[in-house]
Amino acid sequence: IQPSPYTGGVSSANNEMAAGRPNRMFIVVRNRGTLKINEAKVRYFWAPDLGQNYVLPWRPIPDPGIHAGPILPGASMIYPPIEWIPPDGHAALWILAVAYVSDDPKDSDDPDPIVYPFDPRMDNNMAVRRVNIVHSGP
C-alpha cells in the first residue's frame, strides 16, 4: 500500500495523508502462484492507530469497483489509485488491503476482517501500513 502522491507507478516514500481532503493510494498485487489470475479484487479497510495490535476495529473503505487482470504467474500489477478522505480526529491510522480472487477455492469470495479477524503477518494476500495524518491549519 502506498499513499499519495501517485506518479504513474513511482511514488515517494511518503507515509502521510491529509485529513479532510481526498488522498490517493495504490497497491501492487503480485501473483506468486503457478496459474494466471483472471480477475483479482482488492478490498480496503482502515482502523485507528491502537499500536501494533492487528486485531483492530477495521472499517471498510468504499469499494471503488476496481478489478484487474489477468496477472501471469510471477508477474505483478499496480492497481489504479483509489481516492479516500481520512476521517478527522486521528494522528495516525492503519490501512489494510486484502487481495482475493473469487475463482480460487482457497480464498473467500468476501474477505472481511470485520467478520473474520485477519492477521496480516501470516497472510501474503494482505498488506498493512501505518500512515500519519497531517492536519492543515484553519
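Tutor: Start with the term. Rings of Phe, Tyr and Trp (its six-membered ring) pair if their centres lie within 6.5 Å; planes under 30 degrees apart count as stacked, over 60 as edge-to-face and the rest as tilted. This is a predicted model, where local features need pLDDT of at least 70, side-chain atom pairs count only at pLDDT 80 or more, and totals for chains, interfaces and linings use all residues. Residues are numbered from 1 along each chain as its sequence is written, and side-chain values use heavy atoms, with hydrogens and water left out.

Student: How many aromatic pairs does the structure hold?

Tutor: One aromatic pair.

Student: Why is the pair of W46 and W84 called tilted?

Tutor: The ring centres of W46 and W84 are 6.1 Å apart and the planes meet at 40°, so the pair is tilted.

Student: What parts does the pair tie together?

Tutor: W46 sits in strand β7 (residues 40–48) and W84 in strand β11 (residues 82–84), so the parts joined are 38 residues apart in sequence. Strands are DSSP runs (E, at least two residues), numbered from the N terminus. The protein has 13 strands and zero helices (H or I, at least four residues).

Student: What percentage of the 138 residues counts as buried?

Tutor: 38% of them.

Key: Buried < 20%, exposed > 50% of the residue type's maximum accessible area, 1.4 Å probe, protein only.
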